[in-house]
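Today I opened a new model and kept notes on what I looked up. Come and read along with me.

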Amino acid sequence: MNEDLKVNLSGLPRDYLDAAAAENVSAAVSSRVPVVEPEPELVVNPWDIVLCTSGTLISCENAIVVLIIFHNPSLRAPMFLLIGSLALADLLAGLGLIVNFVFAYLLQSEATKLVTTGLIVASFSASVCSLLAITVDRYLSLYYALTYHSERTVTFTYVMLAMLWGTSICLGLLPVLGWNCLRDESTCSVVRPLTKNNAAILSVSFLCMFALMLQLHIQICKIVMRHAHQIALQRHFLATSHYVTTRKGVSTLAVILGTFAACWMPFTLYSLIADYTYPSIYTYATLLPATYNSIINPVIYAFRNQEIQKALCLICCGCIPSSLAQRARSPSDV
């Protein structure tokens, strides 16, 4: 009886006091047991890291080409102007990937998203258009070999550069000027904030340019084979030498066109058939090879060129190797 009175001195029911005592015991026990905190979630998307790394490599590689052409007065021929345009476009594309990564995780806003997307669209469009312009220039240099080195060719080159950069800038400005899906997510494409119509226009334009490049490369192959055959007849070369030369030219053009198609075709076709409801991993998996094209372009179009190789050797070691100084161009060097 006395115990009951002692327990009920507080004026609280026995059930309440028992529950409070149990809580005190559990708190004392839990204080002695180390608390395991949940692991923090992954904040940075690994695919974004890969794209940013790819953009860094693109920027460094193409910056070398831009500096070589800019600081060399001898590299002012139409061919080098177009190669410089390609390198500049790829350089801006690499910088766009880097800026997009920084803004996505440090400065998130609709304005920065639109600006970086416009920069990436404009630069990659200029890159593809520059590849088409280089193909046109190579075709003209073979088809009009006698009149190619003239003032008219230089004027035509500047016109092509103005057209391709003007078109690319207009395509890049479309998301900034309001053609985006920020207000209506149902109209988004696989790349937000581009709309499905915007992505479709870019994809169809790419397919048309690829078809034109394919046709021009076929004509280039025919001209190279005809020129090699004529040279073989004039110099009394063996038939095997003629076939080796033509095969080298055809294989070079096949590598150029095949690399371009392998890099860009997956993302182009995916953009036509998919929308924002598709898993983002498919977008990253098809977009990443497209960025690789900007890594490969300097190797195919710049570093294989004899004059650029000489300029690069002068910058690096201050001399020109005898192998480069004595090397002569063949009909397959197109």
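This is a predicted model: local features need pLDDT of at least 70, side-chain atom pairs count only at pLDDT 80 or more; totals for chains, interfaces and linings use all residues.

Residues are numbered from 1 along each chain as its sequence is written, and side-chain values use heavy atoms, with hydrogens and water left out.

**Entry 1: Ile-68**

I found Ile-68 in helix 3 (helices are DSSP runs of H or I, at least four residues, numbered from the N terminus). Is Ile-68 buried or exposed? Its relative accessible area is 2%, so I noted it as buried (under 20% relative accessible area with a 1.4 Å probe, protein chains only; exposed is over 50%, partly exposed in between). Leaving out residues up to four places away in sequence, I saw Ile-68 touch Leu-75, Ile-308, Ala-311, Leu-312 and Ile-315. I also looked up Ala-302, which is 234 residues from Ile-68 in sequence, yet their C-alpha atoms are 10.0 Å apart in space.

**Entry 2: helix 10**

Next I checked helix 10, residues 306-317. Its twelve residues should span 16 Å at 1.5 Å a residue (the expected span is 1.5 Å times one less than the number of residues). The end C-alpha atoms are 16 Å apart, which agrees. Which residues of helix 10 are buried? I listed Gln-306, Ile-308, Gln-309, Lys-310, Ala-311 and Cys-313. At the N-terminal end, Asn-305 caps helix 10, with a side-chain oxygen 2.9 Å from the backbone nitrogen of Glu-307.

Notes. Helices (H or I, at least four residues) and strands (E, at least two) are DSSP runs, numbered from the N terminus. Contact means heavy atoms within 4.5 Å. A polar contact is a pair of N or O atoms within 3.5 Å; within protein, one must be able to donate a hydrogen and the other to accept it, and residues adjacent in sequence count only if both atoms are side-chain atoms.
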